[in-house]
Amino acid sequence: MKDPELDVLLGELEKRTDLTVADFDGVVHALAFLLPKAVQSDQQLAERIGTADTAMHIADQAFPNWNVHIHGRANDKDGHWRCTLREHDGLDDDVAIGSGRSPVLSQAILAATMRLAMILKND
C-alpha cells in the first residue's frame, strides 16, 4: 500500500524526537486504519503510544508470535534504534518484513509495525 500521508507519518516517526500527543494521534489513526482488529483509535492510546511498552503491545496484538529484533545504541541526545518484525526467525523466506529506525525506541517499533501493515495490506 502506497499512501503519501502514511509516508509522512513514517518520516516523522523515524526522524523526529519531539512528537506531540497530536502527532501520536495521527499515528494511532493510521494504525487503526491499517490494523483495525489490533488497534482502537482513542485519545488515551495517543497519550501512551510513545512508550516502548505500548508500542510493543501494539506490535504483539497486530502480529502475534512474530519475531521482534531490536538493535540500538542508547545515547542521551539521540539513540540509534532499529526494529525488525519477521514471521520466521532464522529463515529468509518471509513474505514480508517490517523495519523501522528512529532515535526513539518506541518510534522505531511503531515504524516497523506500520511498514509491515502497509506491505501486508497490499496482499
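Me: Helices (H or I, at least four residues) and strands (E, at least two) are DSSP runs, numbered from the N terminus. Where does Leu 120 lie on that basis?

Reply: Leu 120 lies in helix H5. This is a predicted model, where local features need pLDDT of at least 70 and side-chain atom pairs count only at pLDDT 80 or more, while totals for chains, interfaces and linings use all residues. Residues are numbered from 1 along each chain as its sequence is written, and side-chain values use heavy atoms, with hydrogens and water left out.

Me: How many helices and strands does the chain have?

Reply: Five helices and three strands. Along the sequence the pattern reads α-α-α-α-β-β-β-α.

Me: What share of contacts joins residues 24 or more positions apart?

Reply: A contact means heavy atoms within 4.5 Å. Among contacts with a separation of 6 or more, 48% join residues 24 or more positions apart.

Me: Which residues does Leu 120 contact, leaving aside neighbours within four places in sequence?

Reply: Phe 63, Trp 66 and Ala 96. The C-alpha atom of Leu 120 lies 24 Å from that of Gly 50, 70 residues away along the chain.

Me: Why does Leu 120 count as partly exposed?

Reply: Buried means under 20% relative accessible area, exposed over 50%, and partly exposed in between (1.4 Å probe, protein chains only). Leu 120 has 29%. That falls in the middle class, so Leu 120 is partly exposed. Lys 121 is also in helix H5. At 38%, Lys 121 is partly exposed too.

Me: What makes the Arg 115 and Glu 14 pair a salt bridge?

Reply: A salt bridge needs a side-chain nitrogen of Lys or Arg within 4 Å of a carboxyl oxygen of Asp or Glu. Here N to O is 2.9 Å. The pair therefore passes. It links distant parts of the chain: Arg 115 sits in helix H5 (residues 105–122) and Glu 14 in helix H1 (residues 4–15), 101 residues apart.

Me: Is Glu 14 called buried or exposed, and why?

Reply: Glu 14 is buried, because its 17% is under the cut-off.

Me: How many salt bridges does the rule give?

Reply: Four. Arg 16 takes part in two listed here: one with Asp 18 at 3.0 Å, another with Asp 23 at 3.1 Å. Both distances meet the limit, so both pairs qualify.

Me: Which residues are linked in a network of salt bridges?

Reply: Glu 12, Arg 16, Asp 18 and Asp 23. Arg 16 is partly exposed at 27%, as is Asp 18 at 49%. Asp 23 is buried: its value is 19%.

Me: What does Asp 23 touch beyond four places in sequence?

Reply: Leu 9, Glu 12, Arg 16 and Asp 18. Asp 23 itself has its place in helix H2 (residues 21–34).

Me: Which charges does the chain carry, and how far apart are the centres of the two sets?

Reply: Lys and Arg count as positive, Asp and Glu as negative; His and the chain ends are left out. Each charge is placed at NZ of Lys, CZ of Arg, CG of Asp or CD of Glu. By this count there are 12 positive and 20 negative side chains, with centres 5 Å apart.

Me: Why does the phi of Asn 65 stand out?

Reply: Most residues other than glycine have a negative phi. Asn 65 is not a glycine, yet its phi is positive, about 70°. Asn 65 lies in the loop between helix H4 (52–62) and strand S1 (67–73). At 74% relative accessibility, Asn 65 counts as exposed.
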